[in-house]
Amino acid sequence: MEEMTKVVLDAMGGDNAPGEIVLGAVNAVKDRPELSVVLTGQEDAIKKELSKYTYPEEQIQIVHTEEVIETAEPPVLAIRRKRDSSMVVGLRMVKEGEADAFVSAGSTGALLAGGQLLVGRLKGVERPPLAPLIPTKNGVALLVDCGANVDARPSHLVQFAKMGSIYVKNVLGIENPRVGIVNIGAEEEKGNQLVKETFPLLKACEDINFIGSVEARDIPDGVADVVVCEAFVGNVILKLYEGVGATLLSVVKQGLLSSTRSKLGALLVKPALKKTLKKFDASQYGGAPLLGCKGLVVKTHGSATAKEVYNTLLQCKTFKEQNVNQKIMECFSVPEQE
């Protein structure tokens, strides 16, 4: 019998809470008997959603909380003041070893602050990065960091590369993942001061497969499995990625429906187009882990649907099964923590 994976899910976080959040949890436990979910939030609202479905009730637990951290609140202040919020209670459960992971579609800033202040960093980790999977022509790439460390140092980026490689190898199953650093050209001498100082350090790392600089235009082509940058650059890449993708879909749809002839053509290409576009559906890849914390903390999109929540819960299960945190500590030559 497989070991149970226990994930705390913030039922009140995100634009579609609690409905889509609860549905994602229900679908996950129905498909995975070795997964249990703890829903934190307002009990009445959660129970109302759960009453709509049939599911293995022993695999879903509710922990009532009175407060909710809103997106516009100052992150650190919210974490410190709202101790009975769905986010803080969930993070504390991970810190105290009551659960293996915490997932939220709520405030990114509060989750990042809470992950570091409440759950804490693994010994040897300087800065935990936020690392989403982004679609490429060949599959996906891990973008690390995309929002946690704006003023990163070269040593931080080296750790990002190492943690990213461990994650991609063990969670995605890509052997010897290719690591590239975001730059404005392929030449080693190009880039800002941070990139210039980091490049030779990555080049000297024997435990990663460093392929050199990666220009932004090459990322969607799948030239690297791990894309390393500091958080400001990473967040710009991520948001541009999402914006261009949504705009292209809108323009293509508009074009296909612009005339009777194009509508007939749309019927013919619809199956192939749907299959192709599915590769660029970010919801199928789960959330963005905050790598390097003592327990797994994962951020899903604020607009997360049940599908993304479902895939994120399975992502947490794989993270635990592959013992990713222990491998990160071993990479940094740190003995296992008690």
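Pro-18 sits in the loop between strand E1 (5-10) and helix H1 (19-31), where helices (H or I, at least four residues) and strands (E, at least two) are DSSP runs numbered from the N terminus. The peptide bond that leads from Ala-17 into Pro-18 is cis, with omega near -5°. This is a predicted model, in which local features need pLDDT of at least 70 and side-chain atom pairs count only at pLDDT 80 or more, while totals for chains, interfaces and linings use all residues. Residues are numbered from 1 along each chain as its sequence is written, and side-chain values use heavy atoms, with hydrogens and water left out.

A cis peptide bond also runs from Val-144 to Asp-145, with omega near 20°. Asp-145 belongs to the loop between E6 and H6.

Val-150 lies between strand E6 (139-144) and helix H6 (154-172). At 46% relative accessibility, Val-150 counts as partly exposed; the scale calls a residue buried under 20% relative accessible area, exposed over 50%, and partly exposed in between (1.4 Å probe, protein chains only). With Phe-232 and Val-236, Val-150 forms a nonpolar surface patch of about 290 Å² of accessible area together. Patches are made of residues with over 30% relative accessible area and no salt bridge, with like charges joined within 9 Å and nonpolar side chains (Val, Leu, Ile, Met, Phe, Trp, Tyr) within 5 Å. A salt bridge here is a side-chain nitrogen of Lys or Arg within 4 Å of a carboxyl oxygen of Asp or Glu.

Which residues gather in a patch of positive charge on the surface? They are Arg-83, Arg-92, Lys-95 and Lys-294. Arg-83 is placed in the loop between helix H3 (75-81) and helix H4 (86-95), and its relative accessible area of 60% makes Arg-83 exposed.

I turn now to the aromatic side chains. A pair of aromatic rings is described by the distance of the centres and the angle of the planes. How many aromatic pairs does a search of the whole structure find? The search finds 2, where rings of Phe, Tyr and Trp (its six-membered ring) pair if their centres lie within 6.5 Å, and planes under 30 degrees apart count as stacked, over 60 as edge-to-face and the rest as tilted.

Tyr-167 and Phe-319 have ring centres 6.2 Å apart and planes at 45°, so this pair is tilted. Because Tyr-167 lies in helix H6 and Phe-319 in helix H10 (residues 306-321), the pair ties together parts that are 152 residues apart in sequence. Tyr-167 is buried, at a relative accessible area of 2%, and Phe-319 is buried at 7%.

Phe-199 and Phe-210 make an edge-to-face pair, 5.1 Å centre to centre with 75° between the planes. Phe-199 lies in helix H7 (residues 193-203) and Phe-210 in strand E8 (residues 209-214), so the parts tied together are 11 residues apart in sequence. Phe-199 is buried, with a relative accessible area of 7%, and Phe-210 is buried, with 16%.

Finally, the backbone. Asn-176, in the loop between H6 and strand E7 (178-182), has phi near 50°, a positive value in a residue other than glycine. Asn-176 counts as exposed, at 52% relative accessibility. For Asn-323, phi is near 55°, a positive value in a residue other than glycine. Asn-323 is located in the loop between H10 and helix H11 (324-331) and, at 42% relative accessibility, counts as partly exposed.

Note on methods. Accessible areas come from the Shrake-Rupley method with a 1.4 Å probe; for residues, only the protein chains shown count as cover. Lys and Arg count as positive and Asp and Glu as negative; His and the chain ends are not counted. The place of a charge is taken as NZ of Lys, CZ of Arg, CG of Asp or CD of Glu.
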